[in-house]
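Let's take a walk through this structure together. Please have the sequence and the 3D view ready as you read.

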Amino acid sequence: MNAVPSAPDPIARRAPAPPLAVLLELTHRCPLACPYCSNPLRLVGQREELATADWLRVLDQAAELGALQVHFSGGEPTLRRDLPELVARARALGLYANLITSGIGLDRTRLQALQQAGLDHLQLSLQDSEAAGADRIAGYDGAHRRKLALAQWCRELDLPLTLNAVIHRHNAGRVAAMIELALELGAGRLEVAHTQYYGWGLKNRAALMPTREQLQAATAAVEAARERLRGRLTIDYVTPDYYARRPKACMGGWAQRFVNISPEGKVLPCHAAETIDGLRFESVRERSLGEIWRESEAFARFRGSDWMPEPCRGCEHRERDWGGCRCQALALSGRADTLDPVCERSPDHARVRALAERESQAPAPDFVYRRPSRPVAAVDDDADGDAPA
């Protein structure tokens, strides 16, 4: 990995606007073993997690900073028994509270308690439209059945629901069926997102990469459903980067709209940022969230467009895609400070497209599942959030 030089002084001195949202990764523990998991290869253990008091302080600082939304994520955030207390603090601070969950570990009583604490919205992962395929991806028998039950409880409790469907070569042919399932379950929004290759997902890229034909069929299914279901179901669509001509504005631009806090308290521009060697990410154990957001050299390094090399610096898209993804640039080109190779102007673009074609056409290898070092129960008896660090 390349060492990254310090940010130029003009960037470091520029006062950034507050983040729109704060993503709290409460834990890396998870009962599922999804082969596309984008969490880091080294997971934070329970004893390293922030305690309840730490997370409450982070919520206070997020509100003071000017954030509007808080997303409780993981791993599986419902393994933290202090989740209702954290949701209640978010509500008291006026933060929009969203739970991102696998659905494993929630029953109707716990869901209702979270809603009463102030939960505004729930995002539920969906691996497939069929139980066999979904449970195979999740590495957990009965996962699909439990997700369907949770969606039904959301409907009964009138809790707004988004379904997140991760697409790859094993389920791309059932995008239309997943859209119909979202309608049946009463979701207001569906995110159809092709796998992004970070963390464990990068390990399984050859097993997950869809063919160009699968991509075209999935895109056609989404476009047709958007037209047909306008006003009934909002469908967001995230295409696979490796087939793209232009990069995405990863996280809305490095350290511009979102901030991510890891289970151990590190403050990151995105969940994969620690793959970039040479950047030091500070912790909320040491400094306040606001100080890190405004003053951290790591956050300033790729914020805005002054850091960009040519042709990014002179590109008319530079303040729309913000140069694409720094972690993906590193993974595919060996440099974090160069063009995202999915951009057609990158010298590495043709190689990336060829890689996608080659991997998608080859027989899919077996999944390498992300299994924890010890089994994780649906609700861990020790998951009170107050384990010693």
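What follows goes from the core to one helix and then to some backbone features of the loops.

Keep in mind that this is a predicted model. In soluble globular proteins, nonpolar side chains tend to be buried together. Here the largest nonpolar core has 105 residues, and Leu 24, Phe 72, Leu 122, Leu 163 and Ile 261 have the most contacts inside it. Take Ile 261: beyond its neighbours within four places in sequence, its contacts include Val 22, Leu 23, Leu 24, Trp 55 and Val 58.

Trp 55 and Val 58 are also among the buried residues of helix α2, along with Thr 52, Asp 54 and Leu 65. What covers the buried residues of α2? The cover includes strands β1 (21–25), β2 (69–73) and β8 (258–261), together with helices α3 (83–92) and α11 (289–295). The 14 residues of α2 (residues 52–65) should span 20 Å at 1.5 Å a residue, and the end C-alpha atoms are 20 Å apart, so the two values agree. Just after α2, Gly 66 has a positive phi of about 110 degrees.

Now to the loops. Most residues other than glycine have a negative phi, and most peptide bonds are trans. Yet a cis peptide bond, with omega about 15 degrees, joins Gly 74 and Gly 75, and Gly 75 sits in the loop between β2 and α3. Another cis bond links Glu 310 to Pro 311, with omega about 5 degrees.

In the loop between β7 and β8 you will find Met 251 and Ala 255. Phi is near 55 degrees for Met 251 and near 55 degrees for Ala 255. Are they buried or exposed? Met 251 counts as partly exposed because its relative accessibility is 26%, whereas Ala 255, at 0%, counts as buried.

Terms used: Residues numbered from 1 in each chain as written. Predicted model: local features only at pLDDT ≥ 70, side-chain atom pairs only at ≥ 80, totals over all residues. Heavy atoms only, no water. Core = buried A, V, L, I, M, F, W, Y, C linked by side-chain atoms within 4.5 Å. Buried < 20%, exposed > 50% of the residue type's maximum accessible area, 1.4 Å probe, protein only. Contact = heavy atoms within 4.5 Å. Helix = DSSP H or I, 4+ residues; strand = E, 2+ residues; numbered from the N terminus. Expected span 1.5 Å × (residues − 1).
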